[in-house]
Amino acid sequence: MPFHIAKEGSGVYKLFTGFVTTAEFLQSIFEMHSQLDYDQLRYSINDFREVQGHSIRPADVDLASLTSLKARAVNPEILIAVISCDPGITDLVRHFADRTVYRLGCFASLEEARRWIDAAP
């Protein structure tokens with residue numbers, strides 16, 4: 001599977017690898033939202049540095065933003081960090097940022113993402 005979710009303290013770390021399909025991308029979101037302690041999670045780190053390609057389109061990101069509206073009722077404060085230097089992925093992150101109410105950051109490294117999370121109130 002091109003993604004792996006690891007629980008870590010007050011958040012989750014999602015590592016994406018290889019070629020990520022739209023279904024797999026959406027499945028990663030559904031799995032995170034279905035965590036028993038989703039209401040207590042502080043952050044989600046989505047690491048796309050090992051992705052070699054994907055089939056995710058802006059319309060798929062729109063669907064992800066709709067599912068996040070429902071999840072926001074359960075946890076309105078979760079921080080979403082995305083790690084990628086790929087212009088296609090960062091464009092999709094900007095697209096998502098325009099459609100979500102979550103605090104969202106895009107970073108080049110895991111260290112930058114963790115610093116942003118640690119500094120957030």
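## Surroundings of F16

F16 touches P2, F3, S28, N46, D47, F48, E50 and V51, leaving aside residues up to four places away in sequence, where contact means heavy atoms within 4.5 Å. The model is a predicted one, in which local features need pLDDT of at least 70 and side-chain atom pairs count only at pLDDT 80 or more, whereas totals for chains, interfaces and linings use all residues. Residues are numbered from 1 along each chain as its sequence is written, and side-chain values use heavy atoms, with hydrogens and water left out.

F16 has its place in strand β2, strands being DSSP runs of E with at least two residues and helices DSSP runs of H or I with at least four, numbered from the N terminus. With a relative accessible area of 0%, F16 is buried; buried means under 20% relative accessible area, exposed over 50%, and partly exposed in between, with a 1.4 Å probe and protein chains only. The C-alpha atoms of F16 and I5, which are 11 residues apart along the chain, are separated by 9.0 Å.

## K14, a buried lysine

K14 also belongs to strand β2, which covers residues 11-20. K14 is buried yet has no salt bridge, and the nearest side chain of opposite charge, E31, is 8.7 Å away; a salt bridge requires a side-chain nitrogen of Lys or Arg within 4 Å of a carboxyl oxygen of Asp or Glu, and for charge, Lys and Arg count as positive and Asp and Glu as negative, while His and the chain ends are not counted.

The side chain of K14 does make a polar contact with the side chain of N46, at 3.0 Å. Such a contact is a pair of N or O atoms within 3.5 Å; within protein, one must be able to donate a hydrogen and the other to accept it, and residues adjacent in sequence count only if both atoms are side-chain atoms.

## Salt bridges

The structure holds 7 salt bridges, among them one between E8 and R114, whose closest N and O atoms are 2.7 Å apart. This pair links distant parts of the chain, with E8 in strand β1 (residues 3-8) and R114 in helix α4 (residues 110-119), 106 residues apart. E8 is partly exposed at 23% relative accessibility, and R114 is partly exposed at 30%.

R99 and D62 also meet through their side chains in a salt bridge, at 2.8 Å from N to O. Because R99 lies in the loop between α3 (87-97) and β5 (103-107) and D62 in helix α2, the pair ties together parts that are 37 residues apart in sequence.
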